[in-house]
Amino acid sequence: MKQNKYRDIYCGKINEQHIGKTLKVSGWVENIRDHGGVLFLDLRDMYGTLQIVSNENSVFNNITRESVISVSGLIRKRDDATINLKLATGMVELLVTDLTILSKAKNELPLEIITSKNSGEDIRLKHRYLDLRNKDVKDTILFRSEVIRYIREKMHDMDFTEFQTPILTASSPEGARDFIVPSRRHKGKFYALPQAPQIFKQLIMVSGFDKYFQIAPCFRDEDGRSDRTPGEFYQLDLEMAFATQDDVLEVGEEIFYDIFTKFSNKKVSDKPFKRIPYNESMLKYGTDKPDLRNPLSIIDLTTEFKNTTFKPFINSIIRGIVVHEIGEKSNSWFNEIVDFANSIGMPGIGYITLDANNNFKGPIDKFLTEEERNSLIKKCELKTNSVLFFIANRNELVASKYAGKIRDELGTKLNLIDNNKFEFCIINDFPMYEIDEETDKYTFTHNPFSMPQGGLESLKTKKPDEIFAYQYDFVCNGIELASGAVRNHDLETMRKAFEISGYNEETLKEKFSALYTAFQYGTPPHAGMAPGIDRMIMLLKDEPNIREVVLFPMNGNAQDLMMNAPSNVTEQQLRDVHIKVRD
């Protein structure tokens, strides 16, 4: 480091090699301890903690914890009784010759730095600058910085060029609510913060650049969750010209594999990652974000019950989950599964157990025919003490989602999840369209700019719900880490795709005018994806809450408690942008 008037060296870098030298250090007072009548002060900077002592205790008068001080003195070896081998500086201490208080802290702190992670979230976020002094919290943010630096180096090594796209842009219907910004100079008109640099990165491809990336801030007015920050997030946005789906998937596999093997000691899935079509994932795992650490899978039993007389199963989609060797669990254990099923909205959950005599136990058994019993044993590969759980609903999507939640609960309850693994997979072959429950009309399932499989021909000849898109998600341990697609680069195909979703050509021109116009001047085939930075760090650090990996996060209610945002503005500010607030 460069020496200056505040310090010669970092606190955490001092060791036995410096014994006998006079040095100056600066930092925060972490603690003041009384050891047999002698006062010891622990001084902390970003790099570590150094023990400070004085022959005169009065030197430490009026110093409060978390005050910022500058100290000069002789580095000497600690007494044997005070040696702390857990610290990098634990063999040495600084004997004060001069001490200056640079900034005095209040006597009472709103939270304890060392134990700040045990404080309430609102207090931590309101005083985040104090929370960040906690070593674990700080290390997580520094870890994030290291990962992002590595990502940048990796992308440059792969011949990608870094760009910066605009933050103030136009509003466009991309799936979530926009954050809109009123224009002062153009009355009644608004900018929007980008939900993603989607259109810009496609225009970069149209502009003749080959490989684009940026560490991009994205803004979406959506509610927060444990794995999603409200308001804004960062993603590794990338796009490639003259690229196929496989080209992007190979790049994604390399990025994820190299990052997760470098920054974690957990076992990472070998490349290539398992590819699972969307429909198969929904059937087998009950979700398009499967946790493959869970060995349980879902079986479709609808055909086996096509002639059933059991009322809850009649005209229903039936899913089954087999768990071997749990038939001797207590009634209370199974009652907990029933309670969980009720908690997620199911009317209950049926199950049967195969005993040593090849007979079923359970209330559903009396409704089964001998043919159905034999069919279940064969299809589900049941053994003695196997338990078969049933999930039924007349809506196939609902049945799948319920089955997925039961699968997750069983995996957790039975300790089947290996927490020392990162299990990656790629979900592909997403449906191009789905029915909007509110409008009962077709809407885009994923990205509206995706290329349909089969191109224009499929749009013209197939039913919308039979069309698949070149869309893909990277999923790890049940968390979606990236979404991507081969883009629709053909204007006629784009017109037809949007027409099916209810957009006429005039709307397409209005909402996506730049893209619509640019595509008339030669557009290369292109494809891309966008891994989420925050979620990657969350998984690598084993943090259950994504806000732990963000420097200054909002709370779950989309409030910045530290900056008091959102907040009121003055009447003049509203007048400047031609806004009147209505009740």
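Modeller: Let us begin with burial: a residue is buried under 20% relative accessible area, exposed over 50%, and partly exposed in between (1.4 Å probe, protein chains only). The model is predicted, so local features need pLDDT of at least 70 and side-chain atom pairs pLDDT 80 or more, while totals for chains, interfaces and linings use all residues. Residues are numbered from 1 along each chain as its sequence is written, and side-chain values use heavy atoms, with hydrogens and water left out.

Colleague: Why is R44 called buried?

Modeller: R44 has a relative accessible area of 7%, and the limit for burial is under 20%; R44 is therefore buried. E66, at 5%, is buried as well.

Colleague: What makes the contact of E66 and R44 a salt bridge?

Modeller: The term requires a side-chain nitrogen of Lys or Arg within 4 Å of a carboxyl oxygen of Asp or Glu. The N to O distance for E66 and R44 is 2.7 Å, and the pair qualifies. The two lie in distant parts of the chain, 22 residues apart: R44 in strand β2, E66 in the loop between β3 and β4 (68-77). Strands (E, at least two residues) and helices (H or I, at least four) are DSSP runs numbered from the N terminus. E66 and R44 also belong to a salt-bridge network with E30 and R133.

Colleague: How do you know that K460 and E492 form a salt bridge?

Modeller: Their closest N and O atoms are 3.9 Å apart, which is within the limit. K460 is in helix α10 (residues 455-461) and E492 in helix α11 (residues 491-500), so the bridge ties together parts 32 residues apart in sequence. K460, at 52%, is exposed, whereas E492, at 43%, counts as partly exposed. By this rule the count comes to 40 salt bridges.
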